[in-house]
Amino acid sequence: MSETKPCNGQVLFRCECSRSFPMDELYYCYNCQKLECRFCITEEIDSYYCPNCLDILASAEAQQNFNSCKKCFVCPHCDAALIYSVKSDENAPPPEGDQPQAEIYFLSCGFCRWNSLMTNTKSSSASGLAAVGDPVSDPAFDKAMEAVQAEAKEVAALRDLRARPHAHKRRLLFNNNKTEAGANAPRAPVTIQDIDDTLDAKAAALTLQAQKPATTPDYTLPSYITSGALGPSPFVSHPPRHRSLLTRRSKHCRSCDKLVVRPDLNPSKIEFKRLHIAILALPRVKLSSASFISSSNTYEVQFVLVNPIRSSMSLELRDAPETAAATATLASTIPNTYIAGIADDDPDDDEDEKKNAPPADDPTSIVARTGNKLLLRATLKPTTQEGSPTTSEGAKHTLRFGIQVNVKYQSALGDQAPKYVLEFDIEI
């Protein structure tokens, strides 16, 4: 007797770093033939651009402008894009002869009706208005940043010394450092004990600094909120802010340093020069149904595999016993099979398909085929009392199991044979 139950769950793909993610969050390296997540890739900034005017800025210019666009502003009240507006200057003297009326330029928000005249931010020209609010260097901030960078370098050097103490000790013993008397002045030899004392002193200083009590931040709400009457918004008196820049980044495989994703440098284009993601290289998986067979105390789970490429794929599916918190395992093996490609639906190739037709499918595992889709049936047996469907009548059960998939196919970048694990988490 079998009872079909609603199948609510997800299918995660296990990365090489043993982390599991949905398929649309994973990348595929054609050189390593491995799945990679966001922790297994490195990113490199290709360009900086403004999301409002789509201007591309060089790295030096973006750093000079404090990662902001010089022309575009955002509203301090609602964060919408501000537009340049102009009106006649009422306080200017009347024009003489054929001279035009004096005008003032200001910024206005078309969403919340805020304008820069509230903060007296205006100019007689558009270029002068664009220069208003340019970020300037703060000497106190620069001094603090230099101190932070110097301390970070010291901590990194200390970690390096702790990681490789013997190599650095030998290097310091034979290194002729400069002294106050000169580079060639005689000095006492440095001993191992001196280096150990220096490292211990630095470690003690860092520990003492880390134990200093931190200042408690002030979480007191503003008076215009606690009083019950909002009153005027506190952002009305704030000046307009320059629009922050965004970046376009390339992603590389951490193992072989090959490009995995590379966008177009032009921010107005959404095409990618290279896009190696798992959803375009490996079969997609979708849960179909789950049923319980009371006579054998087993589960039957049906799921669909979809081939995203033009050529056919050969599949080898087996149990993955190393799945964390697994409550079931495959009761029977799934025979090796294949999935037709998108281009295999061409009617001109019917004669070739009849000549090279694969053997008949096993009906116990292969339920149906339609184009580039394959419906599989997996029989599972519970391995824990928690995963057994007979523990409590009418209660929901969580079914967790893993299937290792070995795929082989031919692509434009060569023969591919990736291996990965599917982790099923079904609530029935």
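Asn-52 lies in the loop between β6 (41-49) and β7 (56-57). Strands here are DSSP E runs of at least two residues, and helices are H or I runs of at least four, numbered from the N terminus. The model is predicted: local features need pLDDT of at least 70, side-chain atom pairs count only at pLDDT 80 or more, and totals for chains, interfaces and linings use all residues. Residues are numbered from 1 along each chain as its sequence is written, and side-chain values use heavy atoms, with hydrogens and water left out.

**Around Asn-52**

Asn-52 counts as partly exposed because its relative accessibility is 37%. The classes are buried (under 20% relative accessible area), exposed (over 50%) and partly exposed in between, with a 1.4 Å probe and protein chains only. Beyond residues up to four places away in sequence, Asn-52 touches Cys-72, Ala-81 and Arg-243. Contact means heavy atoms within 4.5 Å. Cys-72 is 20 residues from Asn-52 along the chain, and their C-alpha atoms are separated by 6.9 Å.

**Strand pairing**

Two strands pair if DSSP finds at least two bridges between them. The table lists two pairings of β12.

| Strands | Sense | Bridges | A bridge pair |
|---|---|---|---|
| β6 and β12 (246-253) | antiparallel | eight | Ser-47 and Arg-248 |
| β12 and β13 (259-263) | antiparallel | two | His-252 and Leu-259 |

The hairpin of β12 and β13 has five residues between the strands. Within this hairpin, Asp-257 takes a positive phi near 65°.

**The largest nonpolar core**

The largest nonpolar core holds 46 residues. Such a core is a set of buried Ala, Val, Leu, Ile, Met, Phe, Trp, Tyr and Cys residues joined through side-chain atoms within 4.5 Å. Val-301, Phe-303 and Phe-424 touch the most other members. Elements giving two or more residues include β2 (8-14), β16 (298-306) and β24 (419-427). The largest share, six residues, comes from β22. Phe-303 has contacts that include Val-285, Leu-317, Leu-376, Ile-403 and Phe-424.

**A surface patch**

Phe-272, Leu-275 and Leu-280 form a nonpolar patch on the surface, with about 250 Å² of accessible area together. Patch residues have over 30% relative accessible area and no salt bridge; nonpolar side chains (Val, Leu, Ile, Met, Phe, Trp, Tyr) are joined within 5 Å, and like charges within 9 Å. A salt bridge is a side-chain nitrogen of Lys or Arg within 4 Å of a carboxyl oxygen of Asp or Glu. Areas come from the Shrake-Rupley method with a 1.4 Å probe; for residues, only the protein chains shown count as cover. Leu-280 sits in the loop between β14 (272-275) and β15. Its relative accessible area is 41%, so Leu-280 is partly exposed.
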